[in-house]
Amino acid sequence: MATPDRSPPLPPEFSFNAEEYLNVVDHGVLFVDPEGLLGYYNPFCRKLFSLDLPSPDPINYFNLLTEWSDQQGLSKLWLVELGNAIRQKQRHYTRVNHDDTILEFKHQPLPSGGFVHCIYNITNKVKQEQDSVHKYKQLRTMIDAMPCFVSLLNTNLQFMIANRYHKEHLGICRTDLEGSYIRDVLPEALKSKHLDLLHRVLQGETLHFDEYTSNRHAEIKSVHGSYVPCFDQHHHVTAIVNITYDTTEQKTHEERLRTLAERDHLTRLFNRRKIMDCLETEISRADRQASALTIAMLDLDHFKNVNDKWGHAAGDLVLKEFALLCQQQIRKLDYLGRIGGEEFLLIMSDTDQTEAMFVLERIISVVQHHCFNWKQTEINITCSAGLAEWHPLQNIQQLYTQADKALYEAKNHGRNQIVIATE
Ligand SMILES: Nc1nc2c(ncn2[C@@H]2O[C@H](COP(=O)(O)OP(=O)(O)OP(=O)(O)O)[C@@H](O)[C@H]2O)c(=O)[nH]1
């Protein structure tokens with residue numbers, strides 16, 4: 001159906017006298033005839049130009065404007081501008097500042113050769129505009145000062161605002177970024193994931209993400225970010241705010257703390273607490289999956305002699321190298337930890353005692369034939385092991401004690417050997 005180009009007629013009870021209406025409006029309306037004489041003017045104009053009502057003599061509107069403009073101490077330029085528009089019979093707007101008031105003259109030519117002027121007080125409107133500009137500048141300064149990526153995307157996913165951090169950390173100028181599409185800026189590897197995320201945000205979701213870059217040379221290796229939708233009064237998404245932090249330093253710090261909490265400082269193997277946690281987890285897993293699990297307790301033989309004969313530093317070297325030798329003999333999915341001075345725990349998942357025996361024999365043999373070089377001296381050492389296979393219903397303590405007992409037996413039976421725990 002075609003849209004009517006006029007509003008529906010007013011009901012009769014609302015029909016009113018135009019003059020009554022013009023008496024109360026908050027803007028000026030005046031008519032000037034083709035001779036330039038002022039015809040009708042409403043109370044707003046009367047007050048503005050200090051006119052009598054009714055005017056005793058005809059008033060030349062151009063003289064009136066000139067006088068008023070001089071009284072207000074205004075430059076003549078606005079009158080020249082307005083005069084040109086009047087001569088050229090063009091619709092025109094002119095702004096005039098007097099005191100703290102800003103007026104806008106709207107010139108509307110009439111077919112008769114005269115014209116209508118509507119005069120609006122636009123002080124508040126201009127103030128609001130200036131406030132907006134001021135606030136916008138403050139906001140810009142604020143987001144430029146933020147130590148993270150901040151941007152605003154429109155619903156076409158184009159950058160509308162991007163802060164200075166982009167230039168400082170990605171080398172992309174704000175002017176290059178603003179107006180460009182995010183799909184042209186996102187790294188290739190992240191493009192499809194992030195476009196999917198952004199389309200969800202356009203539906204109203206707020207989303208958070210963590211990303212890691214695989215590029216070793218990149219200064220920023222990990223980030224945490226959010227996409228937050230902006231809504232209008234109808235709850236339609238009008239824009240998306242993106243804030244993304246560089247978390248590289250934080251992640252490195254967390255990693256360092258984790259290493260400190262989980263690793264033995266000398267051998268870099270898991271420490272006692274962590275390896276016992278692993279054992280707990282692996283027992284639960286074996287229980288759940290009804291799979292085999294075997295552990296081994298390993299201990300260097302007569303290690304005290306190494307310390308006594310060559311000193312503590314030599315002992316440290318032996319411990320470190322022993323850890324390395326063991327690691328070379330086990331699978332990536334096995335866990336090895338140092339549980340005491342020269343005592344180690346090996347956890348082998350999905351492994352029964354027969355399979356574990358092969359691994360332990362390899363370790364015992366490699367250690368026995370290894371020369372630990374301390375300064376110019378070759379140190380030889382052996383190790384013993386106690387092996388225990390987990391049985392359903394057995395708890396961590398029972399399994400651990402079994403392996404410990406088996407190790408004790410291996411020591412008692414002459415060392416450099418493996419003993420399998422018997423129930
Ligand atoms: N160098 C060094 N020595 C350590 C470290 N932790 C423990 N030790 C030493 O390891 C030795 C362990 O000695 P013992 O418990 O008597 O055991 P052992 O001499 O290996 O004898 P068996 O286990 O019975 O074969 C002690 O001398 C400890 O001081 C360490 O971090 N570095």
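What share of the contacts in the protein with a separation of 6 or more comes from residues 24 or more positions apart? The figure is 49%, where a contact means heavy atoms within 4.5 Å.

Before going on, a word on the model. It is a predicted one, in which local features need pLDDT of at least 70 and side-chain atom pairs count only at pLDDT 80 or more, while totals for chains, interfaces and linings use all residues. Residues are numbered from 1 along each chain as its sequence is written, and side-chain values use heavy atoms, with hydrogens and water left out.

The protein has 423 residues, and 40% of them are buried. Buried here means under 20% relative accessible area, exposed means over 50%, and partly exposed is in between, with a 1.4 Å probe and protein chains only. There are 14 helices and 17 strands. These are DSSP runs numbered from the N terminus: helices are H or I with at least four residues, strands are E with at least two.

Five strands make an open sheet in the order 2-1-5-4-3, and the pairing is antiparallel. Two strands count as paired if DSSP finds at least two bridges between them. In general, strands of a sheet pair through backbone hydrogen bonds, either parallel or antiparallel. From one strand to the next, the twist averages 25°. Angles run from 0 to 180 degrees between N-to-C directions, and axes are lines fitted to C-alpha atoms, for helices over the stretch in contact.

Strand 3 pairs with strand 4 (residues 101–109) over seven bridges, antiparallel, and His92 has His107 as its bridge partner in strand 4. Two residues lie between these strands in their hairpin, where Asp99 takes a positive phi near 50°. Strand 4 is also joined to strand 5 by seven bridges, again antiparallel. Here Phe105 stands opposite Ile119 in strand 5. This second hairpin has five residues between its strands, and Gly113 in the turn has a positive phi of about 105°.

Which helices lie across these strands? Helix 4 (residues 77–87) lies across strand 3, strand 4 and strand 5 (115–121), at about 160° to strand 3. Helix 5 (residues 123–145) lies across strand 3, strand 4 and strand 5 too, at about 115° to strand 4.

Asp144 is in helix 5. Is Asp144 buried or exposed? Asp144 counts as buried because its relative accessible area is 13%. Leaving out residues up to four places away in sequence, Asp144 touches Asn163, Arg164 and Arg174.

The largest cavity holds about 30 Å³. A cavity is a set of points, on a 1 Å grid over the protein atoms alone, where a 1.4 Å probe fits but cannot get out; lining residues have an atom within 4 Å of a point. Grid points are joined across faces, edges and corners, and a volume is the space filled by probe spheres set on the points. Helix 10 (residues 272–289) gives the most to this lining, with three residues. Among the lining residues are Glu282, Arg285 and Asp350.

Key: On a 1 Å grid over the protein atoms alone, a cavity is a set of points where a 1.4 Å probe fits but cannot get out, and a pocket is an open set with protein on both sides within 12 Å along at least five of seven lines; lining residues have an atom within 4 Å of a point.
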